[in-house]
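Reader: I'd like to learn how to read a structure like this one. Could you walk me through it?
Author: Gladly; let's look at it together.

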Amino acid sequence: MKIGFIGLGNMGYPMVENLIKTGKEVHAFDVTENYPDGAISCSSADEVSKGKDIVITMLPSGAILSEVANEIIPVMDEGSLFADCSTIEVDTAIQVSKMAKENGLDFIDAPVSGGSLGAKAGTLTFMVGGEETAFVRIEPLLEIMGGKIIHCGPSGSGQAAKMCNNMILGATMIVTCEAYGLAKKLNLDHKVLFEVVSQSSGYSWTNNVYCPLPGIGPQSPADNDYKPGFSAALMLKDLLLSQKASEVVGFNTEMGAKATDYYSRFCDEGHGDKDFSSVILPMLEK
Ligand code: NAD
């Protein structure tokens, strides 16, 4: 099987390394021309897509994915599979899927969660949208790069699942941090609050697994000076995608909108490159 891979950044590079480790033939293209050992380097998106059974993309945005899709769909072999793992708009994923089908290709959207650490460890969660036949074709490759592979429904539903999940994550992180800020003002010890919340109805992943304060709970970016992890800028990107999707379908997500404004201000203040749990820092200064 010949695999083409486009976009070898923080996520794509270790994903390709994991494919190569299992003996897969991976042809790769990135504008930076930075490739892992064992990858067959290509000089264009066109070259990396021609004559391949499966082409995987891991790109920064829907606009870039659309550009790349316009270039590669016409040159890909009929019957081959195009799998996009980038996080992009639901409607862009659906448009690209239609274009792929019109050209005789299978398409799936397969965004991930788990960050660059999950990409290195091969433990990503893949949320997959697309037809069952396409899902069955890509599943063995996703299993090499991931720990959990969930077929969410037709095209676009992988992206829909990803943005719903991250809207919960963003809003929950903010309110978790607010609880620790309030506890400080109420003279309640932070370790005590963690002990209570982690065993009570307020528990969440942001508290129990990814506590925003150092020295409390399992190791998290807070214990590493808020080095990401998952940056505030990427959280803002996903929240903006959730708001775009809300607008398209006319469903008001009030808390999601508030979380988006919050991270937007936080990034404007210059904190975009810190872990998204660092929203707690200004709260503790109040
Ligand atoms: P990145 O910016 O590190 O990597 C993107 C890569 O795409 C870069 O190497 C860039 O040079 C390349 N690229 C851009 N335009 C290109 C083009 N036209 N042709 C070929 N290559 C091109 O981003 P990342 O962190 O690897 O994220 C990739 C995707 O995964 C994004 O959609 C992001 O939202 C999503 N994601 C990231 C994380 C994370 O923690 N980093 C977690 C989950 C999902």
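Reader: Where is the place of Lys-24?
Author: Lys-24 is in the loop between helix H1 (12–21) and strand E2 (25–29). Helices (H or I, at least four residues) and strands (E, at least two) are DSSP runs, numbered from the N terminus. Before we go on, this is a predicted model, where local features need pLDDT of at least 70, side-chain atom pairs count only at pLDDT 80 or more, and totals for chains, interfaces and linings use all residues. Residues are numbered from 1 along each chain as its sequence is written, and side-chain values use heavy atoms, with hydrogens and water left out.

Reader: Is Lys-24 buried, exposed or partly exposed?
Author: Buried means under 20% relative accessible area, exposed over 50%, and partly exposed in between (1.4 Å probe, protein chains only). Lys-24 has 29% relative accessibility, so it counts as partly exposed.

Reader: Which residues is Lys-24 in contact with?
Author: Contact means heavy atoms within 4.5 Å. Leaving aside neighbours within four places in sequence, Lys-24 is in contact with Ile-3, Leu-19, Leu-141 and Ile-144. The C-alpha atoms of Lys-24 and Ala-39 are separated by 9.4 Å, with the two residues 15 apart along the chain.

Reader: How many residues of H1 are buried?
Author: Seven of its ten residues are buried, so H1 is largely enclosed by the rest of the structure. They are Gly-12, Pro-14, Met-15, Val-16, Asn-18, Leu-19 and Ile-20. These buried residues pack against strand E1 (2–6), E2, strand E4 (54–57), helix H5 (115–121), strand E8 (124–129) and H6. After H1 comes Gly-23, whose phi is positive, near 90°.

Reader: What about nonpolar cores: how many residues has the largest?
Author: A nonpolar core is a set of buried Ala, Val, Leu, Ile, Met, Phe, Trp, Tyr and Cys residues joined through side-chain atoms within 4.5 Å. The largest has 52 residues, and those with the most contacts inside it are Phe-5, Ile-6, Met-15, Ile-56, Phe-82 and Phe-126. Helix H6 (residues 132–145) gives the most to this core, with six residues. Apart from it lies another core, of 31 residues, including Tyr-226 and Tyr-263.

Reader: Which residues does Leu-142 touch?
Author: Leu-142 lies in helix H6 and is buried, with a relative accessible area of 1%. Not counting residues up to four places away in sequence, Leu-142 touches Phe-126, Val-128 and Ile-149.

Reader: How do I read a pair of helices, and at what angle do H3 and H4 cross?
Author: Two packed helices are described by the angle between their axes and the distance between the axes. Axes are lines fitted to C-alpha atoms, for helices over the stretch in contact, and angles run from 0 to 180 degrees between N-to-C directions. The axes of helix H3 (residues 62–72) and helix H4 (residues 90–102) come within 10 Å and cross at roughly 5°. H3 and H4 are therefore roughly parallel to each other (angles under 35 degrees count as roughly parallel, over 145 as roughly antiparallel, 65 to 115 as roughly perpendicular and the rest as oblique). Gly-62, Leu-65, Ser-66, Ala-69 and Asn-70 in H3 meet Thr-92, Val-96 and Met-99 in H4.

Reader: And at what angle do H10 and H11 pack?
Author: Helix H10 (residues 232–249) and helix H11 (residues 254–271) pack at about 145°, with their axes 9 Å apart.
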